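User: I've got this one open in the viewer and want to talk through how its pieces pack. Can you take me through it?

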Amino acid sequence: MIIFEGKAVFEGVAIGKLSIYKKTETAVKREKVDDVEAEIKRYENAREMAVEQLQALHDKAVKEVGESGAEIFEAHQLMVEDGDYIDSVENIIRTEEVNAEFAVAETGDNFRKMFLEMDDEYFRGRAADVKDITERIVNCLAGGGSAGIESDEPVIVVADDLAPSETVQMDKDKILSFVTVHGSANSHTSILAKTMNIPAIIGCDIPLTDEMDGKEAIVDGFEGKVYIEPDTEILEEKKKIVQREQEKKALLEQLKGKENITLDGQKINLYANIGNTKDLALVLKNDAGGIGLFRSEFIYLGSEDYPTEDEQFVIYKQVAQTLAGKKVIIRTLDIGADKQADYFQLPHEENPAMGLRAIRICLTRPEIFKTQLRAILRASAFGKISIMFPMIISVDEVKKIKEIVSEVKKELDSDGISYDKDIELGIMIETPAAVMVADELAEEVDFFSVGTNDLTQYTLAIDRQNQSLDSFYDPHHPAILRMLKMIVDAAHRHNAWAGICGELGADLSLTREFLAMGFDELSVSPGRILPIRKTVLETNVSEYLKEKHS
């Protein structure tokens with residue numbers, strides 16, 4: 001038995017086999033070949049493999065997000081089989097007598113540059129598609145399949161680190177736990193683990209070797225340990241913990257259907273944070289009152305090009321219809337910082353967390369913003385949708401946003417398209433600037449939702465992705481708690497409601513404090529709904545305030 005230690009970011013115990021996450025990073029070298037026809041045959045076989053992979057992805061996407069959301073994979077199949085692309089690869093192999101990998105990479109670079117130099121925005125967008133299919137074919141030539149989890153059973157995913165664009169494409173049903181060598185307690189991998197209610201460990205110096213792949217292991221999210229090929233004693237001990245956790249969950253199940261109301265009659269809404277339609281089952285299973293944060297950026301991260309209005313509309317409509325009249329708060333595009341999509345072609349920044357991101361992209365690229373707003377507004381005819389705008393720092397930004405929303409509404413009116421004309425508009429409070437002008441902002445919107453992750457980062461001047469600063473990162477800092485009280489008070493002074501959608505909202509040690517502050521809503525990972533409900537039902541806010549001030 002071997003034991004590795006790291007930092008636990010979500011509690012629980014997982015028992016299963018390790019799966020070393022494989023990235024599709026294949027180095028391409030120019031090599032001389034003697035048999036060009038054999039090399040062309042290798043290319044043809046790799047091309048057929050790529051088409052099969054894309055077809056499988058298309059079929060999976062149809063089931064999960066509908067036909068329109070799967071169109072990108074059809075487009076990629078057509079590009080793989082494009083005559084000009086094929087001719088170029090075969091010509092390079094024949095004339096230069098080089099290996100297929102080099103010919104494919106060279107063709108991909110040439111086509112990508114050609115598209116990028118075009119004036120038409122649509123064709124410029126095809127550059128990212130060329131890059132994707134080129135990498136896929138090169139990977140197929142190396143004998144590899146698609147990146148990700150290669151297992152028929154649920155596994156413990158082990159990786160160096162995971163980007164949002166990688167985790168969003170994973171089959172969540174195949175994941176028992178996450179273990180990463182790098183990453184921070186506030187990384188996307190950590191947030192995803194909390195959404196899925198599975199144990200996760202970061203900063204674990206576990207070797208990412210083929211020898212580790214498939215080994216039996218235990219991840220203990222309470223201790224922050226990974227046991228490789230555990231002995232019988234440890235295995236039995238951890239199985240008992242799993243059983244106890246299942247019994248706790250069974251007790252929490254009894255809270256389903258109960259109103260979120262304290263012993264002294266104070267009510268609060270408990271909503272769920274989700275990243276895609278696959279999380280809807282978790283929302284319903286955990287009896288959430290609605291969706292307080294739909295992270296729409298994951299639609300973009302899961303695409304190879306800007307998702308169209310119709311592609312987004314289908315997804316938003318599905319969410320609204322599934323929630324059947326419960327509130328669904330859709331956060332507009334929050335790309336940037338740690339969430340990058342190549343086709344946005346964002347400039348390199350020394351400090352992306354404080355750079356061109358979120359609403360700043362939307363206001364500087366209004367065509368992208370309007371496309372998303374049209375899709376959301378159209379979907380609002382099918383349920384109770386609200387729109388939330390991230391990274392706000394000024395009243396001027398909110399006024400500009402409202403002007404654009406009005407323009408989109410007028411376009412829909414002229415097209416005869418129905419939508420909720422009284423749709424709620426809210427903003428995320430994530431910056432100290434927004435806190436300081438909260439009274440003025442509350443006059444412009446219907447609600448606030450506090451993004452505590454970024455608010456803590458910007459207030460404490462600590463990069464929340466920097467693992468070496470985890471010991472300094474204190475979300476319970478008195479400055480943060482005072483700001484939260486300022487935010488909710490400002491909202492209520494101007495007849496707006498206030499909630500929390502950041503990770504702090506799920507902190508059970510603060511639930512009573514949030515009730516005492518007067519928050520109207522907490523939006524958390526689906527698996528945290530029932531534990532918070534239990535605390536709410538057991539709390540007497542009046543008595544808590546007396547204890548606090550005695």
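User: Let's start with H11 and H13: what is the handedness of the crossing where H11 passes H13?

Analyst: Keep in mind that this is a predicted model. Helix H11 (residues 309-323) packs on H13 at an angle of about 35°, with the axes 8 Å apart. The crossing as H11 passes H13 is right-handed.

User: How many of the residues in the contact of H11 with H13 are charged?

Analyst: On the H11 side, the contact includes Glu309, Asp310 and Lys317, and on the H13 side Arg374 and Arg378 are among the residues involved. By class, the contact of H11 with H13 divides into 6 nonpolar and 3 polar residues, and the charged ones number 5.

User: H13 also packs on H14. Are those two parallel or oblique to each other?

Analyst: Helix H13 (residues 366-379) and helix H14 (residues 395-414) pack with their axes 10 Å apart, at an angle of about 60°. Angles under 35 degrees would count as roughly parallel, and 65 to 115 as roughly perpendicular. The pair therefore comes out as oblique.

User: And how many nonpolar residues does the contact of H13 with H14 have?

Analyst: From H13, Phe369, Leu373 and Leu377 are among the residues that meet H14, whose side includes Ile401, Ile404 and Val405. The contact of H13 with H14 has no polar residues and 6 charged ones, and the nonpolar count is 8.

User: On to the open sheet of 8 strands: which strands stand at its edges?

Analyst: The order is S1-S8-S7-S3-S4-S5-S6-S2, with mixed pairing. The strands at the edges each have a single partner strand, so one side of each is left without a neighbour in the sheet; they are S1 (2-5) and S2 (7-10).

User: Which residue in S6 stands opposite valine 179?

Analyst: Strand S5 (residues 175-180) and strand S6 (residues 200-202) run parallel and are joined by 2 bridges. Opposite valine 179 stands isoleucine 201.

User: What about H8: at what angle does it run to S3?

Analyst: Helix H8 (residues 232-253) lies across strand S3 (13-20), and also across strands S7 (216-220) and S8 (225-228). Relative to S3, H8 runs at about 115°.

User: Last one, on S9: which residue in S10 is the bridge partner of asparagine 273?

Analyst: Strand S9 (residues 269-274) is mostly covered, with 5 of its 6 residues buried. S9 pairs with S16 (residues 521-524) in parallel through 4 bridges, and with S10 (residues 290-295) in the parallel sense over 3 bridges. In S10, asparagine 273 has as its bridge partner leucine 293.

Conventions
Residues numbered from 1 in each chain as written. Predicted model: local features only at pLDDT ≥ 70, side-chain atom pairs only at ≥ 80, totals over all residues. Heavy atoms only, no water. Axes fitted to C-alpha atoms, helices over the stretch in contact; angles between N-to-C directions. Parallel < 35°, antiparallel > 145°, perpendicular 65-115°, else oblique. Contact = heavy atoms within 4.5 Å. Nonpolar A, V, L, I, M, F, W, Y, C, P; charged D, E, K, R; others polar. Pairing = 2+ DSSP bridges. Left-handed = near helix turned anticlockwise from the far one by under 90°. Buried < 20%, exposed > 50% of the residue type's maximum accessible area, 1.4 Å probe, protein only.
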